[in-house]
Amino acid sequence: MENSEGVKIESTVVTEEPLISALDIALFVVIITVAYFWYFKRDKQSSSSEKKPYTIQPSSLSSIEQTSNSSFIKKLKSTGRSLVVFYGSQTGTAEEFAGRIAKEGARYKMKGMVADPEECDMADLVEMKEIQESLAIFCIATYGEGDPTDNAMDFYEWLQNGDADLEGLNYAVFGLGNKTYEHYNEIAIYIDQRLEELGATRVHEIGLGDDDANIEDDFVSWKEKLWESVCSHYGIEETGEESNIRQYKLVDCSEVLPERIFSGEISRLKSYENQRFPFDVKNPYLSKIAVNRELHKSGDRSCMHIEFDIDGSKMRYDTGDHVAVYPKNSSGLVDKIGELLNADLDAVFSLLNTDEESSKKHPFPCPCTYRTALTYYLDITSNPRTHIMKELIEYASDPKDQEKLKLMASSTPEGKKEFHEWILRDNRNIVHILEDLPSVKPDSDHLCELLPRLQCRYYSISSSPKVYPKSIHITAVLVNYTTPTNRVNKGVATNLLAQLIPTNDELPQPTIPIYIRRSQFRLPPKSRTSIIMIGPGTGLAPFRGFIQERDYARKEGREIGEMVLYFGCRKKDEDFIYENELQEYVANGTLTKLHLAFSRDQPEKKYVTHLLEQNADGLWNIIGEKSGHLYVCGDARSMAKDVHSIIVKVVMEKGQMTNSQALNYVKKMEQQKRYSADVWS
């Protein structure tokens, strides 16, 4: 405003004194230009500082310089470290594993640090050889259809496109994946091989963790052998020190002003009060719940149709995208932890990283109350990993409780068996552990450091933006189940959503933080391309959006291709979701064919896979003769695998190919995005 006013004033002067010299005009332009850029830069810096996450108070200049410095080599050299552990993490597990490795490095005379490749100049890997007896370890997750995590994307592309000389770099890789997915640990395997191709030396063979089985066991087993290889490679011996070194220190924030205390925001303080576009993983949109209705007609299970209001948010989505929902833990569980630990949950605290060089200053937004941390930031319902058992030992006053924790924290066959049975099979979370081992009373701040971050939940969007540009729909089954110890475990997100029922217009509507995650699960570019959709249960969700979009095109007068849907559920009169909608689409011609399998409406169970086997000619007609697209959504563990096998068999028989040729044909379909899967385990 000041600049524009200044320009107007000076312009008036020029008009009144037309005899002004050319030199005066030139000086005037220079002054105005400098003033404009000074004002713009100041405003940009101010805006940037407002968006900086997890800030309690202004940092000193030196700490800002350290945080912005992307050279991990300089940090290693300046602090006398030789071990750096990079992580590619989507849900926090890889980051947690990286921290555990870096922490253990001290036992092998290797001072370590954890690093996010997104915040580092990874080209500096060529300089690792300058640090004596150095080692780079990569904990890398693969997610989606063989995709790198968001924070590892740049590093992955650098490896693909670059030809750096990495001779002298010593490395090891641990991958985090899930065997139910086709591209199991694909990114970690590629990084391991590519580093070797570029001249680096593999100190220990790659480890492949399977999250469908017991990824904790996979990691611990690999880690033990890793250190054996490290000792052998560098000629060092384990120091034998087993001290539990804290990564964060407790800071009393009882004097902090209320307006500086986080109350559940993901990153920016007061972000839910002052919403700013664009909305993403660190800046979710607080959406109103516009609709929340039951889809099941009867029975003891529940499936919800929920609509998030995004009117005025500037958020845009495409058919097939996912929406991330940020849940919060139940107040009952949070109160129970406070009761078990005799803790003041409303005390305000902060956890500050003891490593001054780390770019991660806090494990979650600080300062906040213990109640806020346990409600919004920490995962208190999942099965704790073995390192938490190990850290809890010192807090057990009963020798029996102490011995049980020691056993579960060990890597012995007996210890692994006990951990598997008592934690995993019996499905105990941290609340159950504290209940069943009553002498274990960890410090509240240490427990907050140990527990993993509470992650957002992703749902396939079940609407089309062409039809519903101002709302996002999801289809979610309410998760409730009884554990072997007769406790009722409840899904964190779905049970929260079940409580968010819209009221009349006079009252404030319930809200929940969301953001949109882009997907590759897309309709063909041409509306006349024929498609097959296979989605039992809530696997129908994205196909509801597909059908809506094609129906919209048809009503516009465009030619649409065949749309064939395979849907299955237990009973027609119980859980046939969106029945009326689907029948209407069949009636108006948008949905060409609807194949239905109700598994429990007859003596012998009937699934969509049975229908696929019975319709081999129809499948081949679309995917073979018409070069159509095939989509699968739902369970990855069995359904998606069975569908893949059936499709290969159909291609063999109807396309008159050998097994090898059929596999290559299906592989080519996947590469051409003609065979797409949106699955979960």
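Q: Where is proline 367 found, and what joins it to cysteine 366?
A: In this predicted model, proline 367 sits in the loop between E12 and E13. A cis peptide bond joins cysteine 366 and proline 367, with omega at about 0°.

Q: Which other residues does a cis peptide bond join, and where is the proline?
A: Phenylalanine 277 and proline 278 are joined by a cis peptide bond, with omega at about 5°. Proline 278 lies in the loop between E8 and strand E9 (285-294).

Q: Why is lysine 314 called exposed?
A: Exposed means over 50% relative accessible area. Lysine 314 has 56% relative accessibility, so it counts as exposed. Its place is the loop between strand E10 (303-309) and strand E11 (322-325).

Q: What makes the phi of lysine 314 worth a note?
A: Phi of lysine 314 is near 70°, a positive value in a residue other than glycine. Asparagine 427 also has a positive phi, near 55°, and is likewise a residue other than glycine. Asparagine 427 lies in the loop between H13 and H14.

Q: Why is leucine 176 called buried?
A: Buried means under 20% relative accessible area. Leucine 176 has 6% relative accessibility, so it counts as buried. The residue belongs to strand E5 (residues 170-177).

Q: Which residues does leucine 176 touch, not counting those up to four places away in sequence?
A: Contact needs heavy atoms within 4.5 Å. Among the residues that leucine 176 touches are Thr93, Phe97, Cys139, Asn185 and Ile215. Gly209 is another one of them.

Q: How far apart are the C-alpha atoms of leucine 176 and aspartate 211?
A: They are separated by 7.1 Å. Along the chain, leucine 176 and aspartate 211 are 35 residues apart.

Q: Why is H10 described as largely enclosed by the rest of the structure?
A: The test for buried is under 20% relative accessible area. In H10, 6 of the 8 residues are buried, so the helix is largely enclosed by the rest of the structure. The buried ones are Tyr370, Thr372, Ala373, Leu374, Thr375 and Tyr377.

Q: What do the buried residues of H10 pack against?
A: They pack against strand E8 (248-252), H9, E12, strand E13 (368-369) and H15.

Q: What makes a set of residues a nonpolar core, and which members of the largest one touch the most others?
A: The members must be buried, of a listed nonpolar kind, and joined through side-chain atoms within 4.5 Å. The largest nonpolar core has 40 residues, and Phe364, Leu405 and Ile430 touch the most other members. Elements that give two or more residues to this core include helix H9 (331-341), H10, helix H12 (399-409) and helix H14 (430-436). A second, separate core has 29 residues, including Tyr566, Val608, Leu619 and Val666.

Q: Which residues is leucine 405 in contact with, leaving aside neighbours within four places in sequence?
A: Leucine 405 is in contact with Met389, Leu392, Ile393, Ala396, Leu437 and Val440.

Q: What makes a space a cavity, and how many of 30 Å³ or more are found?
A: In a cavity, a 1.4 Å probe fits but cannot get out. A search of the whole structure finds 1 of 30 Å³ or more. The largest cavity has a volume of about 50 Å³. Its lining includes Ile337, Leu341, Tyr370, Leu374 and Cys448. H9, H10 and H15 each supply at least two lining residues.

Q: How do the residues lining the largest cavity divide by class?
A: There are 8 nonpolar, 2 polar and no charged residues. Gly counts as polar in this scheme, and Gly338 is one of the lining residues.

Q: What lines the second largest pocket?
A: A pocket, unlike a cavity, is an open set of points. The second largest pocket is lined by 18 residues, and Tyr272, Leu286, Lys328, Tyr376 and Pro513 lie nearest its centre. Its volume is about 340 Å³. The lining has 11 nonpolar, 3 polar and 4 charged residues.

Q: Which element gives the most to the lining of the second largest pocket?
A: E18 does, with 3 residues. Helix H10 (370-377) and strand E18 (511-517) each supply at least two.

Definitions and conventions:
Residues are numbered from 1 along each chain as its sequence is written. This is a predicted model: local features need pLDDT of at least 70, side-chain atom pairs count only at pLDDT 80 or more; totals for chains, interfaces and linings use all residues. Side-chain values use heavy atoms; hydrogens and water are left out. On a 1 Å grid over the protein atoms alone, a cavity is a set of points where a 1.4 Å probe fits but cannot get out, and a pocket is an open set with protein on both sides within 12 Å along at least five of seven lines; lining residues have an atom within 4 Å of a point. Grid points are joined across faces, edges and corners, and a volume is the space filled by probe spheres set on the points. Helices (H or I, at least four residues) and strands (E, at least two) are DSSP runs, numbered from the N terminus. Buried means under 20% relative accessible area, exposed over 50%, partly exposed in between (1.4 Å probe, protein chains only).
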